[in-house]
Amino acid sequence: MSRLSLYSVQAILILDNTGSRIHAKYYQSPHVAEDKRKGSLQSVKRQKEFEKQLAQKTHKQDSDILIFEDHLVFYKEYMDVTLYLLGSMDENEIVLQQAFSAFKDSLDLILNSGIDKKNIQEHYDMVLLAIDETVDNGIILETDPATIASRVTKPPSNEPQVSLDLDKGLLGAWGFAKSKLQERLQQSM
Amino acid sequence: MSTHTYKKFENSEAGELPDKMTIYQDCMSEFNESPINAKRCRLLISRLLRLLAQGETFPENEATALFFSISKLFQHQNDSLRQAVYLAIKELSGISQDVLMATSSIMKDIQNGSDLVKPNAIRSLTAVLDESTAFSAERLLKSALVNKHPSISSAALCTSYNLLPIAEVTVKRFANETQEAVADLKSFPHRNLVGDYYPNSTFISQYHALGLLYQLKKNDKMALLKLIRQFSSNNALKNQLAKIELVKLVSELVTRDNQLFSDFQPLLMEWLSNKYESVQLETAKLVTNFAAHHSRLVSSELIASAITTLQSLLTVPRVSAKFAALRILNRISMVSPERIVVCNPELESLINDPNRNISTYAITTLLKTGTAKNIASLISTITKFIHDVSDDFKIIIIDAVRSLSLNFPNEWKTVLQFLIDVLKNGEGGFKFKNNVVEALIDLVTFIPQAKEMALENLCDFIEDCEFNEILVRILHLLGKEGPSTSNPSLYVRHIYNRVVLENSIIRSAAVIALSKFALTKNDPSLSDSIVSLLRRIANDPDDEVRDRATIALKFIESAKRDQDTESRKFILSTYSFDFASLESKLSSYISSNTDSFKTPFDVTSVRRLSDGDIKALDLKRKQGKFLKGTLEGSAESTPGIAEEEMLPERLDNSYVGPSVDEHELDMLSTKYAEELMAIDQVKDFGALVNSSKIVPLTEPEAEFVVRGVKHLFKDNVVFQFNITNTLTDTALEGVSVTCTPELEASSLQELFTISIDQLLPSAEAACYVAFKKTEEIVMESFLANLMFTTKEINPETNEPFAGDEGFQDEYDIDSISLNAGDYIKSSYVGDFATAFDGLPNEEVAVFNIKENISLQELVDRLVVNTSCLPLEDTQYAPSDSNSHTVKLFGKSALKGSKVALIIRLIKTSKGIAMKAQGRAEDAVLCSDLVNGLM
């Protein structure tokens, strides 16, 4: 892979403060034969080991960036979670920093009450979408947090869709509403 | 509802996931439900993805079933559910079968979906398409590529990029559209905003388009040059990442063709003051990196302003920028520290940076810029805070100090004081202490003046050392170095203390160390005391200790009785085995065992290294390591070379400079010996004496790439030609190399040629030409010619067409010559001046080099040509001076006689004047070497 490759992000991780995985996504260049893939982080067991060591190394160390086992690592520690982004050693540090900020800030935008473990777990689908909109197979897809956030949909609303067919007239609508209301009342009783 | 159950309920919603089977069942039932409950489905998908992200996986049939039921959700037109579906499709496609069935639904979305889901749909194509179906997306991708919506365009570009390995032909047809996408500045439409956020286009699709465009045109140099011309002017690129991609493109081009650099200088100068820090950084990286290899081609203003740019980046608030600039400076400091002395004030202020990574980098960089003058003050700065950093950082600092000590041997006192201080007073784990001890061992080995003081302090240290491994190493060192010191009895006392106080592992190490003192020359009276000590130890409760003591006693006795050299050798071993080759020999012995180990292992076939050889190898490895630099315990690879390209690149580079990974060379020579010994005719030549480094005989981009290696035997010479066929459609048959001596009266007699039967496209094979030497040292050049028959390849069978007779052809390659350096192995000597003066035969020669090369390049060439080891750090020519002296030391590969060279270089406007003064034990070798330098 030459330096000009767009595959610059190697992994995005969200770990809790014991180093256990909340989310982990390791990127591999797609459509490359298995045996040609390199890097030691292929098996899940090895990945989890790596995450534990990484968490140990970064816990309570407010340094934002470090080199760990041949990866450039960017991270941000919150109350009970830490966000990570891993890139290759040859990549431009500021570019990776921007990708990381995009990831971090977009989470900030979509998780209304701040980044913490419970919030991430409750809005796991949105977090995944945000990551998916930031990095695609290791390619940095977008670096503007607002753009990323604008592309992340909220879960569908609770109400089953009530589609009114106006052809049936107002009476039909009234009948529909009445039956619904009755249903609700019965349910609540 | 009790609080307990309430809590449990909450957990099932957020914290703990239900088990895998439950999720699977839930998904299967819910996804097949009709009508589809969008909210419930998205929740289940989210759970499923969480499960997968934990590392769980499903058996293939279950995954396929899941995939199938998820694709049913395409019926529901809710965008928010659809986005989740695409995520699931991408995750599951890796583990399930029949992923193609989703293709038509996805393509429908690409055509008719909302702007929100279109990008998701396009990007999921990467996961579902394969080699045979990729072409079907051509039309869709092409139109999406030119779509005005930036997200859609980016998605299409990334997908095309991802599909490249399997659909190159298809993607190549997008070249024009991609080109358009780079130039086109796309912004988000202001209507139809879905969420609460206002997207702000960063024009990142330019970056994706440029990345793809490079992949499409990477083999076309002219097209790439045109790209740079087109997009570097007029602010055509708005996106920062795209600009960096352009810088990298320049970097790629100048690495391929060094001469292009001067054309790019103005552009690079401009980029160094670009408004984006990242562009400045990337450009500075390029310039300094290029300057490290081809300093002659880079103007000094450009380097200076690159350094100034880095210097200003050191003071920005952003951590990543500081970190990045430090990394580059650190790298420069390893090759030409004098260049970055200007940054010292900034570096010094960063020592106390709250970010430990930054402060450590700053310190190690400072230590490398250190000169004989400021070492003392630097070390006192470090001493102040080394006790309150973590072990990892301590180790890095110790490593830096260690290389410093090797570079400035005269400053050993300060360094030694520092090391002893941290060893005795520092708190730290095994790794840290071990590192300090290793640094001290280095001092003892390479700086003779420091030896006694360091040893004495190590003696004190072992009195209360808690780590067995370190104790054993120190005892070994005491045994090795102690007997030759002025007062050996001091060490005997310390060692014997260990025998009395420690456990059996240490006792046995101490016994061996003690026995070495019995034969010391400095204090003959010691021998008797050692014998009586060993007698006492012979009653030790541990059998290993007893055995060692008894054996040692026997050896000492017989050594004293009849000056028996054999037992003397056992006590004071003068050589050790080359471990790499010992390992490979042993493993092949075990695996090729046919007679249940009746034939004993032949230990004589393993390369033996004398003390001097080991030191030379060690020092070389250290110089190499120093050059490459290690930080945080991980090998910082040289920039510009991605891992995959590392290996061939390294081999190619092995002739340019001393920066080769010596270990790999060791392995190579073992490999050569094995390959050669597999040839029957070569077996008769006896043992392989020496192999040269790899010499390229063609341009690296030639149709047939040939690289030569010269192997030396006692009475024979074998040339090995490694030939690579880079043609894609032609096989070579009967490949051989003819070598014609340049001189008529050759003292070499050609014996035989071993040719290659068949060389398929992109295969590599070796052919050999063997000669008999009539004199001991022969130096000659040979005109070499590649002879072969070309045959066209049948693309279906990958074999040449049957009945094709092919064309006889030949191909000129560079001449290969045997020179004096091929007869020399590098070797180490602690005190160069004395060793030089002690050699009997002298030869002086003066050369005038008209070529326009830098001193450094000349020094590199000298080191390679002579195969000697540069000593006293003379392999780096200062870039700010016009003169330099190189000190080289080596040994004859045939007889082991010593050779030393002092080469003085002066650079003037007319070229480089060189005066070489050589001294050697062997007069012929000396004059051959000195006169054949250039």
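Analyst: Start with burial. A residue counts as buried when its relative accessible area is under 20%. It is exposed over 50%, and partly exposed in between. Bear in mind that this is a predicted model.

User: What share of the residues of chain A count as buried?

Analyst: Chain A has 189 residues, and 53% of them count as buried. Its secondary structure comprises six helices and seven strands. From the N terminus on, the order is β-β-α-β-β-β-α-α-α-β-β-α-α.

User: What share of the contacts in chain A comes from residues 24 or more positions apart?

Analyst: Take the contacts in chain A with a separation of 6 or more: 50% of them link residues 24 or more positions apart.

User: Now single residues. Where is B:Val99 placed, and is B:Val99 buried or exposed?

Analyst: B:Val99 sits in the loop between α5 (79-92) and α6 (103-112) of chain B. Its relative accessibility is 13%, so B:Val99 counts as buried. Look next at its neighbours. Leaving out residues up to four places away in sequence, B:Val99 touches B:Phe67, B:Ser93, B:Ala127 and B:Val128. B:Phe67 is 32 residues away along the chain, with 7.5 Å between the two C-alpha atoms.

User: On to empty space. How does one find it?

Analyst: Roll a probe the size of a water molecule over the atoms, and the empty space left shows up. In this structure there are seven cavities of 30 Å³ or more. The largest cavity holds about 150 Å³ of space.

User: Which residues lie nearest the centre of the largest cavity?

Analyst: They are A:Glu133, A:Leu141, A:Glu142, A:Arg151 and B:Ser151. The largest share, four residues, comes from α9(B). By class, the lining of the largest cavity has eight nonpolar, six polar and four charged residues.

User: Next, strands. What should I know about side chains in a regular strand?

Analyst: Side chains in a regular strand alternate between the two faces of the sheet. For pairing, follow β9 (residues 730-741) of chain B. It runs antiparallel to β13 (residues 780-794) of chain B, joined by 10 bridges. Within that pair, B:Thr730 has B:Glu792 as its bridge partner. β9(B) also runs antiparallel to β11 (residues 756-759) of chain B, with three bridges. There, B:Glu733 stands opposite B:Gln758.

User: What is a disulfide, and how many does the structure hold over all chains?

Analyst: A disulfide is a covalent bond between the sulfur atoms of two cysteines. Over all chains, the structure holds zero disulfides. Check accessibility for two cysteines as well. B:Cys459 has a relative accessible area of 1%, so B:Cys459 is buried. B:Cys926 is buried too, at 1%.

User: Last, backbone angles. Which value does phi of A:Asp70 take?

Analyst: Phi of A:Asp70 is near 65°, a positive value in a residue other than glycine. A:Asp70 lies in the loop between β3 (65-68) and β4 (71-77) of chain A. At 32% relative accessibility, A:Asp70 counts as partly exposed. In chain B, take B:Phe203. Its phi is positive, about 55°, although B:Phe203 is not a glycine. B:Phe203 is in the loop between α11 (175-183) and α12 (205-217) of chain B.

How values were computed
Residues are numbered from 1 along each chain as its sequence is written. Chains are lettered from A and ligands numbered from 1 in the order in which they are written. This is a predicted model: local features need pLDDT of at least 70, side-chain atom pairs count only at pLDDT 80 or more; totals for chains, interfaces and linings use all residues. Side-chain values use heavy atoms; hydrogens and water are left out. On a 1 Å grid over the protein atoms alone, a cavity is a set of points where a 1.4 Å probe fits but cannot get out, and a pocket is an open set with protein on both sides within 12 Å along at least five of seven lines; lining residues have an atom within 4 Å of a point. Grid points are joined across faces, edges and corners, and a volume is the space filled by probe spheres set on the points. Helices (H or I, at least four residues) and strands (E, at least two) are DSSP runs, numbered from the N terminus. Ala, Val, Leu, Ile, Met, Phe, Trp, Tyr, Cys and Pro count as nonpolar, Asp, Glu, Lys and Arg as charged, and the others, Gly among them, as polar. Two strands pair if DSSP finds at least two bridges between them. A disulfide is a pair of cysteine sulfur atoms within 2.5 Å. Buried means under 20% relative accessible area, exposed over 50%, partly exposed in between (1.4 Å probe, protein chains only). Contact means heavy atoms within 4.5 Å.
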